[in-house]
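Subject: Structure handover

Hello,

Here is the structure I promised to pass on. Please open it next to this email, and read my notes below as you go.

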Amino acid sequence: MEHALIPPAEIAILGIPGMVLALLIPVVGIAAFGYIIARRLIPLAKGASDPRFDRFPTRIKQVLLYWLAQYKQPRYRLAGILHIVIFIGFLILAIRSTSLVIIGFSPDFVFPGLDGTAGTVYGVLKDYAATAVFIACIVAGVRRGFFKPQRYSVPAKYGTEHTWEAIFVLGLIGGLMVFEGLFEATAVAAQAQQGAAAELIAPLSLAWFFSVLLGQAPVAALQGLHTTAYFLHDAIFFFFLCYLPFGKHFHVISSIFNVVFSKLDRGRIKPVQWGVSDEELDNLESFGVRYVEDFTWKHMLDFYTCVDCGRCSDNCPANTVGRPLSPRFISIKARDEMFDRFPVLGEIKPREPLIDRVFEQDAIWSCTTCGACEEECPVMNEYIDKIVDLRRAMVEAGQVPQSLQKPLGALEKRGNPYGKTEKKRQEWTQSLPEEIQVRVAGSKDQPATLYFPDSATSFDERLQDIARSSATILHYCGEDFGILGKAERDSGHEVRRFGEEMLFQTLRDANTQAIDKSGAERVVTSDPHAFNALTKDYSEVPPAQHMSQYILDKIQSGVIKLKPMQEEASVVTYHDPCYMGRHNLLYDTPRQVLDAIPGLTRVEMERSRDRSFCCGGGGLMLYYEPPEEEERMGQKRARMIGETGADLVVSCCPFCLTNLEDGIKTSGYEGQIRIMDLTELVARHLDWDARQA
Amino acid sequence: MNILVCVKRVPDPAENEIEINSDGSDIEREDLVYSVNEWDNYAVEEAIQIRDQHGGSVTVVSVGEEESEEILRREMAMGADQGILVSDDAFEGADGRGIATILKAVAENGDYDLILTGAQSDEGAAQIGGMLAAMLNQPYASLVNEIQVQGGTKLEVGREIEGGNQEVSEIELPCVLSIQSGINEPRYVGIRGIRKVSGVEIPEKEASDLGLSEDQVGEKAARVKRVDYFHPEMGEGAEILEGGTEEVAEKLVELLKSKGGMK
């Protein structure tokens with residue numbers, strides 16, 4: 001093929017044949033990249049096992065949705081769109097970049113299938129892709145450099161700003177686009193000057209502008225620019241490839257794997273060690289994560305993949321109220337620890353504990369396990385399992401805050417965090433009307449349905465109303481139901497998530513045995529934490545339902561008939577509990593129940609459904625006293641409720657009720673906003689005249 | 001430094017509802033759960049920290065029924081090196097002096113540079129530490145909230161006094177200290193920790209092993225005897241607010257406002 005300009009392969013640079021240089025750059029680049037990746041894989045190979053090689057159809061769907069379709073990106077509109085442009089541009093330009101590299105030593109190379117029309121179409125497409133990526137880089141750079149969105153800022157305790165890294169990489173990407181364009185434009189300009197049939201160049205694209213600008217440039221200048229653009233593109237390309245594994249741009253390589261192997265089971269906590277049964281736990285030398293290599297290989301891949309975008313921390317309720325936790329810096333600090341301990345050059349450094357060095361104890365205790373960070377992460381990083389693993393090691397080392405030791409001690413001795421005697425667990429039944437009988441299920445009396453209130457609802461005076469409302473509803477439906485009474489233990493849901501696995505197992509086993517003895521065919525609970533425990537943490541118990549599911553079933557089958565809205569509330573809003581919504585995807589069930597009350601007007605908070613803002617957490621979290629906190633999560637949430645103009649907020653979790661009731665009172669909304677549990681609202685609207693039973 | 005810490009198994013008010021029994025001789029002991037006395041737990045943590053910094057060993061001793069073994073094990077799971085259970089029917093009915101006599105025998109049976117007790121336990125007498133020191137003819141500091149080891153022969157001990165002031169004294173080793181709560185933040189002991197030390201043998205000593213006889217320590221030797229146990233009757237001006245938590249809080253606020261305690 002005739003070339004208007006001498007191709008890079010045939011020109012000599014400082015006496016070195018271009019072809020040699022064009023071969024040398026990729027060979028050195030690929031070798032260096034291979035070495036870097038091999039070194040980066042060392043900690044993963046040392047990491048704990050984590051079985052993720054299953055359910056491939058689901059995993060492929062994840063990749064199509066979260067990687068290829070960038071599903072989570074537009075949750076942050078501008079940043080998301082910019083990212084999608086750059087991402088799609090990269091995918092399109094991958095072919096162009098590869099062929100450019102090959103052209104360096106094989107000037108007439110054409111990508112298979114891209115000769116003829118397909119090649120022309122691709123040529124236009126890639127010109128626009130490069131232009132779009134270039135513009136996106138400029139917008140992103142201006143955004144990072146001048147407008148500096150708050151979520152990218154780095155608090156002093158976590159080091160210095162990361163802006164330069166972002167701008168530098170945007171510069172590299174922009175450079176690739178410019179030199180690709182120049183390489184093409186110089187050839188086109190020369191072809192035009194020589195009257196040869198010029199390659200088609202997409203009008204108004206970056207390369208097109210260059211070709212117009214350079215239209216009259218002397219051939220010698222065009223030749224120089226052509227060669228320079230080629231080798232700079234080549235150099236930047238391989239430099240960028242090798243630079244990726246040194247920072248947040250590792251995600252360019254790792255995110256696809258991160259999405260393939262992402263966690264598929266919402267609301268579940270990983271076992272202490274995969275492949276080790278509960279019975280074998282005593283043989284383990286240690287529990288949890290003490291050193292960075294105690295993390296599983298997938299959790300380490302998460303750290304590599306963290307994009308430093310700050311979306312997790314922006315949504316983290318603990319971070320928002322000023323607790324010392326930032327999920328973003330859990331990832332970044334752990335990644336930096338991996339980089340430091342397992343450097344690309346030099347020896348692997350001896351291990352040192354993470355706690356009190358890389359992570360503060362209180363950062364790890366501050367997490368309510370609400371899951372907002374995981375919901376938001378565009379590359380599907382996990383946090384809850386890591387936090388739980390870190391807590392497991394802290395529990396083992398005795399590093400448990402004093403505020404949590406009392407309730408843990410009481411849970412061990414009495415099976416509830418209040419230290420109340422077991423027989424008081426059923427006292428809430430005493431103030432029920434006589435016709436509502438709550439039986440105690442056991443070997444003698446075996447009702448089909450078991451109502452499991454769990455500790456808070458059983459013992460807390462205010463929350464006992466949820467238990468009584470639930471019992472009233474069950475009675476209304478003519479349900480054959482009972483409770484475990486003093487045989488019930490705390491579900492252990494938070495005990496497990498606070499890292500006290502053995503205590504959790506003791507509680508779980510006691511409940512499993514009691515439920516088994518009761519002969520119940522199914523369990524209902526008004527506590528989403530208990531619901532999550534029964535369905536995810538327990539294995540040998542009958543199927544469990546949350547009360548909202550039970551109520552909706554009964555409404556739909558016509559058993560529950562509801563009276564028109566009786567409460568003096570003009571507008572109602574619904575607060576999604578974390579363990580209903582994000583962890584169990586029960587967003588619509590409680591809303592459907594609310595909408596079944598005739599005359600009820602419902603509005604949504606700005607933060608609702610999967611962006612719901614945690615009330616402050618349940619179980620042991622009620623006892624935890626964070627050393628720093630600007631305000632309570634419940635107070636922050638109360639203001640969000642206030643913004644809707646609603647005068648009644650409904651939730652369906654005892655802890656949400658407690659935390660939000662406190663939040664409403666202490667942030668000036670007392671008398672303006674009331675809060676009720678869904679069971680309370682439904683119990684008050686039962687139409688007894690239309691009752692079938 | 002070899003440290004002996006005296007610990008007691010008590011019903012923790014945080015996990016029990018303490019009521020007085022019908023004949024007024026004791027609390028209702030049915031349905032009680034027991035833990036290590038809170039002050040003693042601080043003392044064990046302090047001993048472990050001293051050992052970790054300065055070497056030596058920590059021995060925990062408990063005088064009581066066989067069940068006291070469970071709290072010894074818990075303290076060993078915390079980090080104590082050895083446990084000694086002192087149990088004998090002959091100790092039944094012992095007064096404070098009797099218990100101190102038993103502990104003196106334990107102390108003399110070993111080689112300890114420092115003996116720690118909790119400032120007080122469930123019965124609130126706060127008497128053992130002082131008596132034990134006197135019997136051993138050792139110096140004693142009570143209600144200690146800070147310990148600094150000064151070489152191998154002396155300690156600096158702190159104590160909070162009236163008005164939130166802090167007093168620091170120098171004390172010669174060997175000595176006895178009674179430990180105030182809040183001196184440190186005791187570490188957590190989980191079920192797994194206890195299981196790990198479940199196989200460790202805890203020697204059990206009887207009166208004869210310690211060279212003690214019934215008339216030295218038991219009921220016969222007791223010169224302090226409990227004669228009554230009751231809940232005081234409400235006096236003039238005392239009022240118990242009744243109702244739910246919120247109601248009680250509201251009434252309290254009103255009361256405080258009306259009496260000028262709150263504006």
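First, a definition: two strands pair if DSSP finds at least two bridges between them. With that in hand, look at chain B. Val86(B) stands opposite Lys205(B) in β11(B). Strand β5 (residues 82-86) of chain B and β11(B) are paired in the parallel sense, over two bridges. One caution before going on: this is a predicted model.

**The sheet of chain B**

β5 and β11 belong to an open sheet of nine strands in chain B. Its order is β9-β8-β7-β10-β6-β1-β4-β5-β11, and the pairing is mixed. Which strands stand at the edges? They are β9 (165-172) and β11 (204-205) of chain B. Each has a single partner strand, so one side of each is left without a neighbour in the sheet. A helix covers part of this sheet: α3 (residues 96-109) of chain B lies across β1 (2-6), β4 (57-63), β5 and β6 (114-118). The helix runs at about 145° to β4(B).

**Where the chains touch**

Chain B puts 17 residues in contact with 22 residues of chain A. On the chain B side, helix α5 (residues 191-196) gives the largest share, three residues. By class, that side of chain B has six nonpolar, four polar and seven charged residues.

**The domains of chain A**

Chain A is divided into four parts: domain 1 (8-55 + 83-246), domain 2 (278-399), domain 3 (403-556) and domain 4 (572-690). Take domains 2 and 3 of chain A. Their C-alpha centres lie 32 Å apart. Domain 2 brings nine residues to the contact, and domain 3 brings six. The domain 2 side divides into four nonpolar, two polar and three charged residues.

**Two helix pairs in chain A**

Start with α1 (residues 18-46) and α7 (residues 219-243) of chain A. Their axes come within 9 Å and cross at roughly 10°. α1(A) and α7(A) are therefore roughly parallel to each other. From α1(A), the contact includes Leu21(A), Ile25(A), Gly29(A) and Phe33(A). From α7(A), Phe231(A), Asp234(A) and Phe238(A) are among the residues involved. By class, this contact has 12 nonpolar residues, one polar and one charged.

Now the second pair, α9 (residues 297-305) and α12 (residues 327-341) of chain A. These helices pack at an angle of about 100°, with their axes 8 Å apart. How do α9(A) and α12(A) lie to each other, roughly parallel or roughly perpendicular? They are roughly perpendicular, because angles of 65 to 115 degrees count as such. α9(A) contributes Met300(A), Asp302(A), Phe303(A) and Tyr304(A). α12(A) contributes Ser331(A), Ala334(A), Arg335(A) and Met338(A). The residues of this contact divide into five nonpolar, one polar and two charged.

**The sheet of chain A**

Chain A has an open sheet of four strands, in the order β9-β8-β10-β11, with parallel pairing. β9 (602-603) and β11 (674-677) of chain A stand at the edges. Each has a single partner strand, so one side of each lacks a neighbour in the sheet. Three bridges join β8 (residues 572-574) to β10 (residues 648-651) of chain A. Which residue of β10(A) is the bridge partner of Tyr574(A)? The partner is Val650(A). Helix α25 (residues 654-666) of chain A lies across β10 and β11, and runs at about 175° to β11(A).

Best wishes

Note on methods:
Residues are numbered from 1 along each chain as its sequence is written. Chains are lettered from A and ligands numbered from 1 in the order in which they are written. This is a predicted model: local features need pLDDT of at least 70, side-chain atom pairs count only at pLDDT 80 or more; totals for chains, interfaces and linings use all residues. Axes are lines fitted to C-alpha atoms, for helices over the stretch in contact, and angles run from 0 to 180 degrees between N-to-C directions. Angles under 35 degrees count as roughly parallel, over 145 as roughly antiparallel, 65 to 115 as roughly perpendicular and the rest as oblique. Two residues are in contact if their C-beta atoms, placed from the backbone, lie within 7 Å. Ala, Val, Leu, Ile, Met, Phe, Trp, Tyr, Cys and Pro count as nonpolar, Asp, Glu, Lys and Arg as charged, and the others, Gly among them, as polar. Domain bounds come from an automatic or database domain assignment.
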